[in-house]
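Here's a quick tour of a protein fold, put together for someone just starting out. Keep the 3D view open and follow along.

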Amino acid sequence: MVTARERSPHEGEALARSARLPHASDMHSPCPRWLGLLLALALRTDAPAAPAAFPAIYIANHFENASPLWWEVGDAGEIHLHLVYDHERDSPNRAAGHWHFQVQAPTGANLRLVLHNLDNVWNGRSGSPVSDRTISFTSPDGREWTPVETAHLPGNLLEIELRMPGPSLFIARLEPYRLSDLAAFQEEIRAHRDVGFETIGHTVMGRPLQMLRVGDPGAPHRVLIRTRAHAWEPGGDWVVEGLVRRLLAEDADARRWRREYSVHVLSMANADGVARGLTRLNALGKDLNRNWDRPADPALAPENHALEQWIERLMQAGRKPDLAIDFHNDEGGRLHVSRPETGGERYLANLDRFERLLRRHTWFTEGSTGASFRNPGTMGEGLLARYGIDACIHELNANWIAGLDSFPSARNWQLYGAQLAVVFSEYFASHGVK
Ligand SMILES: [Zn+2]
């Protein structure tokens with residue numbers, strides 16, 4: 001250690017500059033470590049000419065539903081994309097599994113993308129949103145999407161190899177369904193005489209939660225559908241588009257169905273998460289498909305609170321939903337049936353009948369969860385236990401549709417929605433309990 005008086009004028013200058021650096025201990029060294037590093041770098045003859053060698057590539061992610069991430073280029077020119085987890089409040093749970101970004105690179109360039117941070121924690125256990133079966137989608141314009149294979153690498157990394165068909169290419173986990181897509185669809189159907197909208201509440205960030213009604217308000221049966229509790233899962237929104245378009249067609253079947261039952265849809269339950277490209281949780285870290293065994297916290301989960309209030313208003317008016325479906329995406333695609341400890345016979349019989357009708361009239365083949373399956377706190381379990389509504393979680397397989405031997409495209413999910421219209425009709429025609 002030397003005192004200030006013993007330092008040379010040159011050292012004094014260096015120390016004055018070093019005061020701006022975080023390593024305060026260097027200030028008292030006669031030859032600061034940072035200065036040595038700087039000299040060593042300046043004297044290196046093999047230092048790379050960074051600007052010239054860096055590939056002409058940019059990852060854009062500042063648009064609607066784009067996923068938060070950071071990226072870097074590896075030694076072999078591969079692009080590493082580091083997804084950002086969203087974290088559940090008061091819980092070890094975390095999730096990343098939504099990806100949606102745009103690659104900008106020269107036409108014809110062959111690129112290798114490597115996705116990182118897929119080590120999720122789900123229900124307190126480690127889990128992964130990707131596997132050997134995971135697919136992804138690409139699109140030059142964000143409208144027409146093509147499925148692409150991926151490779152699941154050691155270390156739980158996901159690799160996507162592609163050749164640039166033009167100067168830019170969107171990459172997404174699934175065909176995106178954005179808030180702007182929903183707004184355009186709402187405008188398309190708004191004027192129909194059998195369509196109504198009601199704002200039932202607002203998200204954490206103040207976005208309106210719109211309940212859509214399709215069908216006669218006085219119809220004897222009601223179906224409640226929710227989509228997008230989990231932001232990365234767009235399947236249900238595509239299904240709803242197909243269902244609503246089929247119900248609003250001007251043919252005799254559609255007119256009859258609109259008299260038999262009304263469909264009530266809360267799309268985009270987690271609108272904040274969808275807008276911001278999150279994977280699972282709402283803007284305050286709440287999982288909107290948990291804690292349904294008790295009233296929702298109006299401050300932390302206003303999206304669920306609004307839905308509860310709406311259900312309770314309907315029940316007070318004697319118009320309780322007969323059936324409720326909460327659409328999700330996963331790698332299994334099954335119907336999640338609740339297993340109440342007692343008194344579930346009528347519910348299980350109804351859900352069994354619903355599944356048989358799905359198998360008869362739609363491409364659904366994945367089946368339902370067995371007697372040992374439990375996932376407490378889901379909307380399916382909560383609506384059954386608290387309100388006596390026949391409710392289920394309907395997963396949609398995010399990798400493959402076995403019944404069509406095809407990829408889960410927006411078009412195939414819209415077809416499923418159209419096929420649901422007759423399922424509901426036959427379900428209520430043989431409905432034992434109103
Ligand atoms: Zn989900």
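Predicted model: local features only at pLDDT ≥ 70, side-chain atom pairs only at ≥ 80, totals over all residues.

To work out the expected span of a helix, take 1.5 Å times one less than its number of residues. The protein has 11 helices and 21 strands, and buried residues make up 38% of its 434 residues. Among contacts between residues at least 6 apart in sequence, 71% join residues at least 24 apart.

**Helix 5 and its length**

- Helix 5 covers residues 235-247, and its 13 residues should span 18 Å at 1.5 Å a residue.
- The end C-alpha atoms of helix 5 are 19 Å apart, which agrees with that expectation.
- Among the buried residues of helix 5 are Trp238, Leu243 and Leu247, along with Asp237, Glu241 and Arg246.

- Look for an open sheet of seven strands, in the order 15-16-18-17-19-21-20, with mixed pairing.
- As a general rule, strands of a sheet pair through backbone hydrogen bonds, either parallel or antiparallel.
- Strand 17 (residues 221-226) and strand 18 (residues 261-266) run parallel, with six bridges joining them.
- Strand 16 and strand 18 run antiparallel and are joined by four bridges.
- Helix 5 lies across strands 16, 17, 18, 19 and 21, running at about 135° to strand 19.
- Helix 8 (residues 302-316) lies across strands 15, 16, 17 and 18, and makes an angle of about 130° with strand 15.

**A closer look at strand 18**

- Six of the six residues of strand 18 are buried, so the rest of the structure largely encloses this strand.
- In a regular strand, side chains alternate between the two faces of the sheet.
- Which residues of strand 18 are buried on each side? Tyr261, Val263 and Val265 are on one side, with Ser262, His264 and Leu266 on the other.
- You can trace the bridge partners one by one: isoleucine 225 goes with valine 265, arginine 222 with serine 262, and valine 214 with valine 263.
- Leaving aside neighbours within four places in sequence, valine 263 is in contact with Val214, Gly215, Val223, Ile225, Leu243 and Leu247.

**The nonpolar core**

- In soluble globular proteins, nonpolar side chains tend to be buried together.
- Here the largest nonpolar core has 88 residues, and those with the most contacts inside it are Ile171, Ile225, Leu243 and Val263.
- Helix 11 (residues 410-429) gives the most to this core, with nine residues.
- Domain 2 (56-172) and domain 3 (179-429) each supply at least three residues to this core.

**Around isoleucine 160**

- Isoleucine 160 sits in strand 13 (residues 157-163).
- Is isoleucine 160 buried or exposed? It is buried, because 22 other C-beta atoms lie within 10 Å, and 20 or more is the cut-off for that label.
- Beyond its neighbours within four places in sequence, isoleucine 160 is in contact with Leu113, Ser136, Val148, Thr150 and Ile171.
- Isoleucine 160 and valine 148 are 12 residues apart along the chain, and their C-alpha atoms are separated by 7.9 Å.

**A hairpin and some positive phi angles**

- Strand 10 (residues 135-139) and strand 11 (residues 146-149) run antiparallel, joined by four bridges.
- Phenylalanine 137 stands opposite proline 147 in strand 11.
- This hairpin has six residues between its strands, and glycine 142 takes a positive phi near 75°.
- Aspartate 90 is not a glycine, yet it has a positive phi of about 50°; find it in the loop between strand 4 (86-87) and strand 5 (94-95).
- Aspartate 90 is exposed, with 8 other C-beta atoms within 10 Å.
- Asparagine 117 is not a glycine either, and its positive phi is about 70°; look in the loop between strand 7 (110-116) and strand 8 (120-122).
- Asparagine 117 is partly exposed, with 17 other C-beta atoms within 10 Å.

Methods: Residues numbered from 1 in each chain as written. Pairing = 2+ DSSP bridges. Helix = DSSP H or I, 4+ residues; strand = E, 2+ residues; numbered from the N terminus. Contact = placed C-beta atoms within 7 Å. Axes fitted to C-alpha atoms, helices over the stretch in contact; angles between N-to-C directions. Buried ≥ 20, exposed ≤ 12 C-beta atoms within 10 Å, placed from the backbone. Core = buried A, V, L, I, M, F, W, Y, C linked by C-beta atoms within 7 Å. Domains from an automatic or database assignment.
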